[in-house]
Amino acid sequence: MLTPSRSRSTHSPLRRRLLQGMLALPLSIMMLGQSAFAAPATAAVNTTGLAVTDTTVKVGILHSVTGTMAISETGSVQAEKLAIDQINAMGGVLGRKIEFIQEDGASDWPTFAEKSKKLLVNDKVAAVFGCWTSASRKAVLPVFEQYNGMLYYPTFYEGLEQSPNVIYTGQEATQQILAGIDWVVKEKGAKSFYLLGSDYIWPRTSNKIARKHIEKLGLKVVGEEYYPLGHTQFNSVINKIKLKKPDVIYAIVVGGSNVAFYKQLKAAGIDMTKEKPVVLTISVTEDEILGIGGENMVGAYASMKYFQSLDNPNNKAFVEAFKAKWGKDIVIGDVTQAAYLGPWLWKAAVEKAGSFDIDKVRAASPGIELTTAPEGYVRIHENHHLWSKTRIGHAQMDGQYKVVYETADLMEPDPFPKGYQ
Amino acid sequence: MFADYSMAELMSIFAMQGFAGLTLFSVFVLMALGLAIIFGQMGVINMAHGEFMILGAYVTYLTSNIFAEYAQNLFSIYFFVAMILAFVATFLLGALVEWGMIRFLYKRPLDTLLATWGLSLILQQIYRSVFGAREVGVTLPDWLMGSVALTDSIEIPINGLFVMGLTVLISIAVFIMMFRSRWGGQVRAVVQNRTMAGAVGINTEKVDRITFALGCGIAGVAGSAFTMIGSTGPTSGQLYIVDTFLVVVFGGASSLLGTIASAFTISQAQSSMEFFLSGSMAKVLTLLVVVGILMLRPQGLFALKIRR
């Protein structure tokens with residue numbers, strides 16, 4: 001399940017010695033060896049009373065597995081559990097197996113805050129992997145800052161935030177948006193854009209950035225519209241789009257509305273494969289296509305950092321392991337991959353710091369790199385976001401994206417973009 | 001805002017916009033009819049209405065999978081089979097729910113609100129456990145997708161036409177049953193005076209059960225039809241529940257005609273405002289108008305004139 005290459009750069013010499021020892025010794029001595037000889041003393045790696053023993057370390061997983069958001073967050077839970085399994089199979093972190101405590105945020109923001117307090121105060125977990133919506137992150141943020149916890153947050157989001165207690169493993173808005181618009185302007189000769197979104201902070205902030213960028217390029221936004229979350233009737237806006245004839249529909253519709261929007265777009269006679277107009281989205285991952293149906297999405301473009309079809313050895317191993325654990329029909333979207341990075345980034349930071357202490361892990365985090373990430377190479381920026389590439393995927397009939405473009409360089413995360421606010 | 005467009009373009013857009021309004025109207029009627037029967041005729045506030053619709057949608061999903069697996073050559077007509085199965089499944093579940101829960105609550109109408117809300121949560125979690133938390137994609141036969149091009153620029157979505165036709169059929173069927181059949185007479189008698197109706201020999205328990213089950217059955221058909229335009233997931237039913245109650249309450253709870261009139265008013269207002277304003281603004285204005293009218297006419301647009 002695990003490729004040896006996965007652990008390359010993050011090994012301390014100590015760990016390598018341990019692994020060699022493990023190969024040589026019989027099982028019983030191995031268990032003994034792990035705690036008695038190789039792993040550093042608990043008192044040394046845990047000075048702040050976290051739930052770390054000689055053989056284990058506890059972490060928290062905090063997502064919604066019930067309620068509206070369960071649709072989206074299930075993939076993240078699966079990815080985090082897979083990563084933890086794989087890390088444990090390699091011997092754990094600083095010689096300690098990871099044990100996770102899973103709590104259900106139940107799609108309810110106060111519940112998220114309550115559960116995160118429970119994880120930090122009662123369970124004393126060393127790190128939490130969790131949250132999905134910005135609303136849930138905003139709800140837990142004061143808790144993490146008050147009790148000094150570490151949150152690994154997987155979703156692409158609107159930016160405008162930078163907490164010492166959060167590592168953002170998804171892309172912030174400028175990373176996701178700018179490259180996509182540049183691409184559609186260059187490759188498709190787009191001159192006019194119709195911006196469309198669900199009515200809450202992420203689509204609005206993202207479209208604001210998109211609009212500024214489009215106007216900077218000297219091009220035109222011919223319409224900008226928002227529909228309430230859960231809206232299911234898009235015929236009127238589709239008529240408006242037909243009237244305005246934009247070159248690009250820039251769509252940030254989320255949740256159940258997505259399904260309605262793309263089905264109705266197709267029914268209204270807009271064939272996305274003809275690219276008149278080009279449909280470019282930043283909110284539809286492979287997960288969403290499962291609900292929309294590949295035949296209703298074929299021809300659309302998405303700009304994000306990860307697609308399941310990415311062709312590199314890391315990703316092949318990741319997809320294979322994911323399917324082996326969670327079933328062969330499962331699909332993996334951008335956020336799922338970002339959630340998978342969380343435990344690995346935390347492990348690397350802990351090993352670099354030589355300690356589980358939150359403050360030391362935080363200090364060690366900037367500059368941490370992961371050459372084994374399914375998306376390729378990522379590095380933690382000073383601002384706690386990741387350097388990552390942005391890619392354009394072209395939706396296929398089978399519900400997968402074909403990668404048609406990727407940025408040459410890593411995009412710098414810029415959560416407070418100047419000139420875009 | 002229209003200066004840049006030619007007359008022909010504007011004409012075709014208005015034609016399509018008019019059609020969009022009619023589609024929305026049919027969608028509203030379809031989702032509200034079942035509730036109008038349950039809420040309007042029986043006084044039961046059924047918060048689980050959306051979940052009954054989604055049961056219909058899931059039945060459609062299962063049927064499409066079965067046809068794709070075992071009867072590929074009949075796939076183009078599976079939708080009709082699916083709608084019948086959806087009706088049967090939700091009708092049976094409705095009868096079961098009435099028998100197990102609702103019948104104890106007829107004298108406590110507000111408690112039905114809590115009980116059915118609880119039921120909706122239970123059903124959601126059951127869907128989640130059985131079908132998974134992710135939305136499922138329902139594959140439609142090809143002939144239901146796409147649009148008919150009337151002229152070069154006027155295109156009419158086929159699924160919109162389909163929903164419209166279905167709505168007309170179901171509305172007619174409901175009207176015949178309510179106002180022309182013996183059973184309909186019994187239902188109306190029970191609604192107006194339960195004790196009296198019982199005294200003249202109407203089996204009120206049976207009438208209640210079939211009425212409730214029928215309302216749920218229609219919700220199931222609606223849910224089945226909505227797989228063409230919306231999503232199918234454990235919580236998708238919640239997307240419809242607010243609009244559904246809005247239509248029924250605004251129309252005057254006990255009047256089926258009122259439901260249709262109110263669906264027409266709300267849908268036309270909504271879709272034309274959506275065209276001139278943004279989506280969220282249109283929703284706000286629609287709700288404001290509805291609130292305003294309900295303040296002046298608390299009984300809704302149409303009210304039955306009966307002695308209480």
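Student: What is the handedness of the crossing of α9(A) and α10(B)?

Tutor: The crossing is right-handed, a term used when the near helix is turned clockwise from the far one by less than a right angle. This is a predicted model, in which local features need pLDDT of at least 70, side-chain atom pairs count only at pLDDT 80 or more, and totals for chains, interfaces and linings use all residues. Residues are numbered from 1 along each chain as its sequence is written, with chains lettered from A and ligands numbered from 1 in the order in which they are written.

Student: Which residues of α9(A) meet α10(B)?

Tutor: A:N235, A:S236, A:V237, A:N239 and A:K240 meet B:S271, B:E274 and B:F275, where contact requires C-beta atoms, placed from the backbone, within 7 Å.

Student: How do you know that the length of α13(A) agrees with that of a helix?

Tutor: Its 14 residues, 313-326, should span 20 Å at 1.5 Å a residue, the expected span being 1.5 Å times one less than the number of residues. The end C-alpha atoms are 20 Å apart, which agrees.

Student: Which residues of α13(A) are called buried, and what puts them on the same side?

Tutor: A:N315, A:F318, A:A321 and A:F322 are buried, that is, each has 20 or more other C-beta atoms within 10 Å of its own. They cover an arc of only 130° around the axis, which puts them on the same side of α13(A). On the other side, A:P313, A:E320 and A:A324 are exposed, having 12 or fewer such atoms. The cover of the buried residues includes α4 and α14 of chain A.

Terms used. Helix = DSSP H or I, 4+ residues; strand = E, 2+ residues; numbered from the N terminus. Arc of directions from axis to C-beta. Contact = placed C-beta atoms within 7 Å.
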